[in-house]
Amino acid sequence: MKKSLIVLLIAVIAFSFSTQQQDIKASIQRGKKIYESTCLACHQPDGAGVPRMNPPLIKTKNVLGDKSKLIRTILMGLDEEMEINGEVYSNPMPSQPHLKDQEVGDVLTYIRNSFGNKASMVTTAEVKAIRAKIKL
Amino acid sequence: MRRIITSVVFLFAVTFTACANDSTKNKQAAIAGGLKLPPGFKATVVADKLGKARHLVVNSNGDIYVKLERLKDGKGILRLRDTNGDGVADETFAFANYAGTGIAIKNGYLYSSSNSEVYRYKFNAKNEIENPDNPDVIIKGLVDKRQHASKSLVLDDKGNIYVTIGAPSNACQETDRTAGSPGQTPCPILETAGGVWLFRTDKLNQTYAEGIRYVTGLRNVVGLDWNYSMNELYVTQHGRDQLSQLNPTQYSVEQNAELPAEEFFMAKKGMDFGWPYCYYDPIQKKKVLGPEYGGDGKTEGQCGTKEKPLYAFPAHWAPNALLFYTGTKFGEKYKNGAFIAFHGSWNRAPLKQGGYNVVFVPMKDGKPSGEHEIFADDFAGGEEFLTPAKAQHRPCGLAMGTDGSMYISDDQGGTIWKITYTGEK
């Protein structure tokens, strides 16, 4: 009896893990399309940005760190002096409030798992919570 | 018969060897300075890894002054000196505690800019700067909001100093670079930026109150020069970005890559070049209303009254320096013609980027007399180059030496090249 419970537990964990993997894969795929239409012009196909102007998205604290700040950057934009690896960037980041919660999550999940990055998924629920806080 | 065959084979062999030699030689010439140049020209690396080398100027004794956009070891100007005459700078003197772009020499003074001030240093009889740590402040309090903040400068023979003040904006929308945000009419930015301002060299601590808005309607000018044959100011404008990203229903990605042109102007006092309301369409060959101002890509509206460019360059190439070549060493073709250094594009993505080169435009009576040709190329690093961050070099400044050579600075790799004409093909 005990044995079969353990087996069941393992199966459940394995199943939920593989579902998560599928979720993140699907999110990355959807996010890629949003990146190409909304972000690529400035941040470039390789995520390396434009020196002096548009920040890179490769292994930076902003991208891999605090998710809520990252979500806010998409929803509210960002216009402040920013130094990354000794370089400063001058162009403002425009807000993208027209993106739906899932789209914001997808594009951030794509960015956090592309260009050599590896980080956790940004979920629709996380975006929804931040959007409610900033009352957009 | 056999003799004929032998001679033909011999001739063929000679021709082949000659060709092979030629191509090897060309390759070597290109590799020497890393640049591709017209036959007879040679590039040598004077210095490299200097940091963000923006504009530069050469003094009468051959000293090169380079303005840095970011401080290096706390200093913002480098004086490079070649003491043994081998063409390579072997002595560096660093001074100035501010970063910036503009630098010029006139009547025994070195002028240099931060992103909000213009300073002046005095040369002594030995061509050394007397006051490296205590420059005069000529102009102060200019707009610096990070975007398009470089203050390029040039002087004329009448004690005037012309300073470019770029607009900290793309198209003067209420919210910059944001889709759906309307354009502002009139654009309030034009009161303190988006043009060239005129100041005097004989007054200290000038502000906007003492300056004159010499020309307006220029989004961002980094390249400018005084044309002594015409006695007029000439400028090159960075045209607006993101037509398709901000207006995807009106413009395709392909159109965005070709619109608008980068413009080359003669800038006479009082002229208005149309930014932010208008942009120049090089295919229709006219200025049209921008989409944020009710434009549909064809309507001229008020733009018919704005100044037209002398010459339209491909979109987004980013002209960062303009130099009228007044020397004789390059030959008759180049005399009084215009060299323009293109920093290189980013807003052509996902299409292939452009620029990252120095072009030449022949001039006659102050106007272009032919098509532009690429003079120096391969700054970015050849075919593998795809995105701006991967570019090895980005040309940013041009200067002429008293010996008729031309110098090119680069703010990505920090390289300074000297271009000479040797006549060797």
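**A colleague's note on the predicted two-chain model**

1. Phe115(A) sits in the loop between α4 (101–111) and α5 (124–134) of chain A; helices (H or I, at least four residues) and strands (E, at least two) are DSSP runs, numbered from the N terminus. Phe115(A) is not a glycine, yet its phi is positive, about 55°. It counts as partly exposed, with 18 C-beta neighbours inside 10 Å (buried means 20 or more other C-beta atoms within 10 Å, exposed 12 or fewer, partly exposed in between, with C-beta atoms placed from the backbone).

2. A word on conventions: this is a predicted model, where local features need pLDDT of at least 70 and side-chain atom pairs count only at pLDDT 80 or more, while totals for chains, interfaces and linings use all residues. Residues are numbered from 1 along each chain as its sequence is written, and chains are lettered from A and ligands numbered from 1 in the order in which they are written.

3. Asn127(B) also deserves a look: this non-glycine residue has a positive phi of about 65°. Its loop runs between β8 (118–122) and β9 (136–139) of chain B, and Asn127(B) is exposed, having 12 other C-beta atoms within 10 Å.

4. Please check two cis peptide bonds in chain B. One joins Trp275(B) and Pro276(B), with omega about 0°; Pro276(B) belongs to the loop between β16 (262–267) and β17 (278–281). Another runs from Ala349(B) to Pro350(B), with omega near 5°, and Pro350(B) lies in the loop between β21 (338–342) and β22 (357–361).
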